[in-house]
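Hi,

Here is the structure I said I'd pass on.

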Amino acid sequence: FAGDTLKSSWSLYPVKPTIKVNNGLTVVGGGGWGGIKNTYSVPSGSIIESYMNQTTQGDSGIGTYNGVYFEERTADSPPNWGIEKSNNGSVVSGQYGGSSMVNHSYLISGIYISGSQSLVINYSNVQVTATYTLNPSNLVIISFTGTSIYQWIRVRDYPPNDIMPSISFGKISTPHYVLIHF
């Protein structure tokens, strides 16, 4: 979210939050599920990721318009995480777990696979899982209440066979040096 304007591929939807772009995106919830929707359609078999900080108590996150929301839920007692089924931007049902904190930056990874979703924090801690049927749907940033700051959002392919690609090099041989005197 570089600069000070939102790209034209984003639009506000139903309960319109207040947004501000200033080398990051600040979203202030409007008291009902709403957010900003992108024209990009996220396919099943993807990972939706964002680096965000919920600066005031509330519910916000990332996901898809007709799929699931991966949420930080600091308005709950105790504060937790959720994966909620979404239909035309509205919440239908949800699964909750883990522990979150207001005013703490997280790298959120939402595993977007039909029949097997997970919300992972900082690449290592699975907070909650769900099993909803999913189809491709528009990428969204959502908010119910509270204020959240998003540095970035991205969608990437889920690794084949649940194994991240890796690279390795053969044995490193001892380097040979030549000293030249002038």
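Predicted model: local features only at pLDDT ≥ 70, side-chain atom pairs only at ≥ 80, totals over all residues.

Let me start with a loop: Tyr 123 sits between β11 and β12 (strands here are DSSP runs of E, at least two residues, and helices are runs of H or I, at least four, all numbered from the N terminus). Residues are numbered from 1 along each chain as its sequence is written, and side-chain values use heavy atoms, with hydrogens and water left out.

Back to the loop. Tyr 123 has a positive phi, near 65°, without being a glycine. Asn 122 is in the loop between β11 (117–121) and β12 (125–130) too, and its phi is also positive, at about 55°, though it is no glycine either. For context, most residues other than glycine have a negative phi, and most peptide bonds are trans. Asn 122 is partly exposed at 37% relative accessible area, and Tyr 123 counts as partly exposed at 49% (buried is under 20%, exposed over 50%, partly exposed in between, with a 1.4 Å probe and protein chains only).

Pro 78 lies in the loop between β7 (68–73) and β8.

Now the rings. Searching the whole structure gives five aromatic pairs (ring centres of Phe, Tyr and Trp, the six-membered ring for Trp, within 6.5 Å; planes under 30 degrees apart are stacked, over 60 edge-to-face, the rest tilted). One of them is Phe 1 with Trp 10: the centres are 6.1 Å apart and the planes at 45°, so this pair is tilted. Trp 10 is buried at 14% relative accessible area.

Trp 81 and Tyr 106 have centres 4.9 Å apart and planes at 90°, so they are edge-to-face. That pair links distant parts of the chain, with Trp 81 in β8 (residues 80–87) and Tyr 106 in β10 (residues 105–112), 25 residues apart. Both partners are buried: Trp 81 at 0% and Tyr 106 at 6%.

Trp 33, Tyr 69 and Phe 144 make up one aromatic cluster. Finally, Lys 37 lies over the face of Tyr 65, 4.0 Å from the ring centre (the test is NZ of Lys or CZ of Arg within 6 Å of the centre and within 35 degrees of the ring normal).

Cheers
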